[in-house]
Structure formats: C-alpha cells, structure tokens
Amino acid sequence: MAGLYVHIPFCHSKCSYCDFYSGLRPNVVEDYIDALIAELHLRKNEMSESFTTIYFGGGTPSILPIEELKRLINAINLAIDTNRVEEFTIEVNPEDINKDILRNYRELGINRVSIGVQSFNDNLLKSINRCHTSKQALNAIKYLKNDNWNYSADLMFGLPGQTIKDWRYDVDTLMRMHPPHFSAYLLSYEPGTRLYTMLQAGKVEEASEQIASEMQLIITTVATEYGYEHYEISNYSLPDRHSRHNSAYWAMTPYLGLGASAHSFDGKLRRINPANIKQYLNALKQGEIVATIEEETISEQFNDYIITGLRTINGLSLDILKQYFPDKYIAKMLDNAAPLITSGQLILNDNRLYIPHLYWLKSDAIMRDLILI
Ligand code: SF4
C-alpha cells in the first residue's frame with residue numbers, strides 16, 4: 001500500500017502564520033498542471049506497491065479551475081492503477097465551496113474533503129489574514145453535510161487575542177456540525193512568517209502554556225463527549241473516519257509526492273522536490289526531475305519511527321522496534337524513557353510506549369529526550 005500526494009502551491013492570499021510552500025501565481029496554473037503530469041509519467045514506477053490513498057494538498061487545491069483539476073485527475077487515472085484507491089482527499093478553503101464544485105469533485109472520484117476553517121470568529125480570522133468569513137465556513141460545511149460527504153475541518157487555537165470563551169465558541173460551533181473528522185492545531189510562530197515578525201516586534205503575544213493547555217483540554221474533553229477518538233496529537237475522528245492518508249504517513253508507509261516542495265518516501269530514501277516553482281517548471285519542461293535525495297541512516301530511521309509513533313494514540317510498538325532496529329538503540333531509548341515513565345509523561349504497557357493525552361502538548365520535548373543524538 002502506498003500514497004500519492006500532489007502539492008498545489010497556489011492560494012488566494014497568504015495567511016500570516018503560514019510557512020507552507022505556497023504563493024499567489026494563478027498565471028502559471030496550466031503550466032504547473034503540465035509539469036505535474038510530466039513528473040507523474042517520469043516517476044510513476046517508483047512505488048512497487050499499489051496506491052490506496054490520494055491527497056491533493058497545498059496551498060489551496062480548491063483554487064484550481066475545474067477543467068485543470070479534471071485534466072490532472074484524468075492523467076493520474078491513465079498513468080497509475082487507481083482501482084485500489086480507498087480515500088481521495090482534496091484540501092479546500094470555504095470561499096471556494098458550493099454545490100456545483102462538490103458535485104464536480106464527486107464525479108472526478110474525490111471522496112473526502114478537508115476544509116480549512118481555523119475559526120468561526122471573523123475578527124480572529126482577520127487577525128491571521130484568512131480570506132473567508134465564518135458564514136462562508138458554515139455554509140460550506142452545510143453543503144458537505146447535506147451532501148453526505150466524508151470530510152474533515154481544521155481549527156486553530158492559541159490565536160492572537162483568542163480567549164477561552166472564543167475557543168469554547170469555536171469548539172461548540174464545530175461540534176454542532178459534528179464532522180466525521182477534525183483537526184485542532186495550536187498556532188505556532190514559524191520564522192519567516194508575518195506573524196513571527198509581529199511577535200518579534202511585540203505586536204502580538206504568544207498564548208501562554210497555561211492557556212494553550214486549557215484550550216487543548218477543552219477540545220479533547222468536548223470531543224470525547226461527542227464520540228470522537230483523539231487518535232493523533234492534532235486529530236480527532238468518529239469511528240472508522242480516521243484519515244487513511246495521514247495515518248499511513250505516521251506508520252511510515254511509502255508515498256510518492258508530486259509538485260514543487262513535495263516530499264516522497266520509498267521506505268528508505270526520502271526525496272524532496274525544490275520549493276521553487278520556477279526551478280520545478282523549468283526542469284519538467286526539459287523532461288527532467290530535480291530533487292534532493294536523502295538516504296536515511298539506521299539511527300535516523302529509528303528517530304523517525306519514534307517521532308511519528310509517539311504522535312499517535314497507539315504509540316511505539318517495542319515488538320516492531322525489535323524487528324527493525326539494533327537492541328542497543330532500544331535499550332538506550334528505554335533508559336532515556338525511564339524518568340518520563342516514572343513521572344507519568346510516558347506509559348509503558350503491553351510492550352507499547354505512548355504519551356498520555358494530558359502530555360500531548362509537551363510531546364516535542366518528550367520526543368527530544370528519546371531520540372538518538
Ligand atoms: S490557505 Fe493554507 S496554504 Fe494558503 S496561505 Fe493559508 S494556510 Fe497557507
């Protein structure tokens with residue numbers, strides 16, 4: 001089983017927290033789709049397994065004119081065997097969604113939508129430069145619900161000036177819509193973003209650890225009451241509605257990534273396309289692929305497994321670690337884990353090591369203690 005990821009690096013405007021590779025380049029959309037198709041033909045045999053998930057991410061894939069999207073999906077269907085694809089997700093922004101677009105998506109074989117809501121508070125949306133309103137998000141979710149879509153909605157917490165009451169409103173509003181799946185991300189201030197510059201200049205304040213923890217506790221508690229499973233640090237799902245594509249990333253399943261800045265992983269090698277659309281387009285016009293290839297050492301693979309495993313409710317399986325990694329790595333990791341187990345920040349049970357929900361916001365620090373230097 002393998003995943004296909006396609007990166008669409010175009011957006012209507014740049015959100016002030018965003019460090020994804022994306023820009024406002026609608027004039028090169030056709031050339032970009034040509035390049036994606038060319039890259040697909042050059043690389044379609046890289047994966048030996050069948051594709052079971054497809055994910056169009058970005059950027060904002062819903063910015064694509066439907067004819068261009070159709071051209072791309074037709075090319076994918078011709079180039080690879082898509083008969084075993086169970087989940088085909090497209091990321092969308094609320095302002096792009098209406099009944100006609102959703103009907104087109106369904107006709108093209110897309111069966112899951114991931115919608116970037118972030119907040120139902122218009123002032124907070126403005127403060128992070130989102131270009132949709134709360135009303136547009138509510139309408140888009142209504143279309144998805146009425147049409148019986150499998151969909152996921154993204155929310156963010158710890159936004160500048162966001163109070164506990166604001167967050168409670170966002171959580172309650174989303175719960176009333178009862179999406180099959182949702183993600184809740186703590187805002188992080190990434191260097192190079194507008195929000196980071198504002199933070200440095202003292203124009204915004206980062207949410208305190210106490211507020212962030214309280215917000216995390218609210219969403220986790222309320223989501224549990226509504227029947228969701230908190231199955232990954234930022235992800236919640238109703239039974240059997242986990243994101244198959246993302247779960248495969250966390251299980252280190254191979255994936256082929258197409259497009260500027262896309263990553264691929266074949267089980268051993270990681271391949272990273274340039275985060276530079278000009279370079280990407282020029283190379284593909286010449287029929288060439290430009291990518292940086294990283295062969296991971298066994299200790300890097302071990303660290304990756306720890307980081308991805310500890311993000312999830314299942315945690316790390318010591319049995320799987322023993323199958324793939326030297327005993328001395330596992331012994332060292334368990335030595336480092338001992339004080340964290342004693343303090344309750346890690347639980348070792350049934351040959352499984354995992355972070356209890358209460359400490360998921362501290363998971364970065366916990367993982368740092370466990371990985372091999
Ligand atoms: S829409 Fe998404 S990808 Fe585009 S700027 Fe905003 S957060 Fe980044």
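Cys11, Lys14, Cys15, Cys18, Phe20, Ser22, Gly58, Gly59, Thr60, Asn93 and Gly116 are the residues around the ligand, a residue being near a molecule if its C-beta atom, placed from the backbone, lies within 6 Å of it. The structure is a predicted model, in which local features need pLDDT of at least 70, side-chain atom pairs count only at pLDDT 80 or more, and totals for chains, interfaces and linings use all residues. Residues are numbered from 1 along each chain as its sequence is written.

**Ligand shell**

- By class, the shell around the ligand holds four nonpolar, six polar and one charged residues.
- In this classification Ala, Val, Leu, Ile, Met, Phe, Trp, Tyr, Cys and Pro are nonpolar, Asp, Glu, Lys and Arg are charged, and the others, Gly among them, are polar.
- Two of the shell names, Gly58 and Gly59, are joined by a cis peptide bond with omega near 20 degrees.
- Glycine 59 sits in the loop between strand S2 (51-58) and helix H2 (66-79); helices (H or I, at least four residues) and strands (E, at least two) are DSSP runs, numbered from the N terminus.

**Nonpolar cores**

- A nonpolar core is a set of buried Ala, Val, Leu, Ile, Met, Phe, Trp, Tyr and Cys residues joined through C-beta atoms within 7 Å.
- Buried means that 20 or more other C-beta atoms lie within 10 Å of a residue's own, exposed means 12 or fewer, and partly exposed is in between, with C-beta atoms placed from the backbone.
- The largest core has 72 residues, of which Leu36, Ile115, Ala153 and Leu155 touch the most other members.
- Helix H1 (residues 29-43) supplies the largest share of this core, six residues.
- A second, separate core has 12 residues, including Phe302, Tyr305, Leu316 and Leu340.

- Contacts are counted when the C-beta atoms of two residues, placed from the backbone, lie within 7 Å.
- Leaving out residues up to four places away in sequence, leucine 155 touches Val117, Gln118, Ser119, Asp170, Leu174, Phe182 and Ala184.
- Valine 117 belongs to strand S4 (residues 112-118) and is buried, with 28 other C-beta atoms within 10 Å.
- Beyond residues up to four places away in sequence, valine 117 touches Pro94, Ala137, Ala153, Asp154 and Leu155.
- Valine 117 and glutamate 67 are 50 residues apart along the chain, and their C-alpha atoms are separated by 25 Å.
- Alanine 140 is part of helix H5 (residues 134-146) and counts as buried because it has 27 C-beta neighbours inside 10 Å.
- The contacts of alanine 140, not counting residues up to four places away in sequence, are Pro94, Ile97 and Ile115.
- From alanine 140 to leucine 102 the distance is 9.8 Å, C-alpha to C-alpha, with the two 38 residues apart in sequence.

**Helix H8**

- Helix H8 (residues 209-225) has 17 residues and spans 24 Å from its first C-alpha to its last, close to the 24 Å expected at 1.5 Å a residue; the expected span is 1.5 Å times one less than the number of residues.
- Met215, Gln216, Ile219 and Ala223 are the buried residues of H8.
- Seen down the axis of H8, these buried residues fall within an arc of 100 degrees, so they line one face of the helix; the arc is that of the directions from the helix axis to the C-beta atoms.
- Gln210 and Glu225, on the other side of H8, are exposed.
- The cover over the buried residues of H8 includes strand S5 (150-157), helix H6 (164-177), strand S6 (181-186), strand S7 (229-232) and strand S8 (235-237).

**Helix H11**

- Helix H11 (residues 298-310) has 13 residues and reaches 18 Å from first C-alpha to last, close to the 18 Å expected at 1.5 Å a residue.
- Phe302, Tyr305, Ile306, Gly309 and Leu310 are buried in H11.
- Viewed down the axis of H11, its buried residues fall within an arc of 105 degrees, so they line one face of the helix.
- Strand S13 (316-317), helix H13 (327-342), S15 and helix H14 (363-370) pack against the buried residues of H11.

**Backbone exceptions**

- Most residues other than glycine have a negative phi, and most peptide bonds are trans.
- Histidine 178, in the loop between H6 and S6, has a positive phi near 50 degrees.
- Histidine 178 is partly exposed, with 13 other C-beta atoms within 10 Å.
- Asparagine 351 has a positive phi of about 65 degrees and lies in the loop between strand S14 (347-349) and strand S15 (352-354).
- Asparagine 351 counts as exposed, with 12 C-beta neighbours inside 10 Å.
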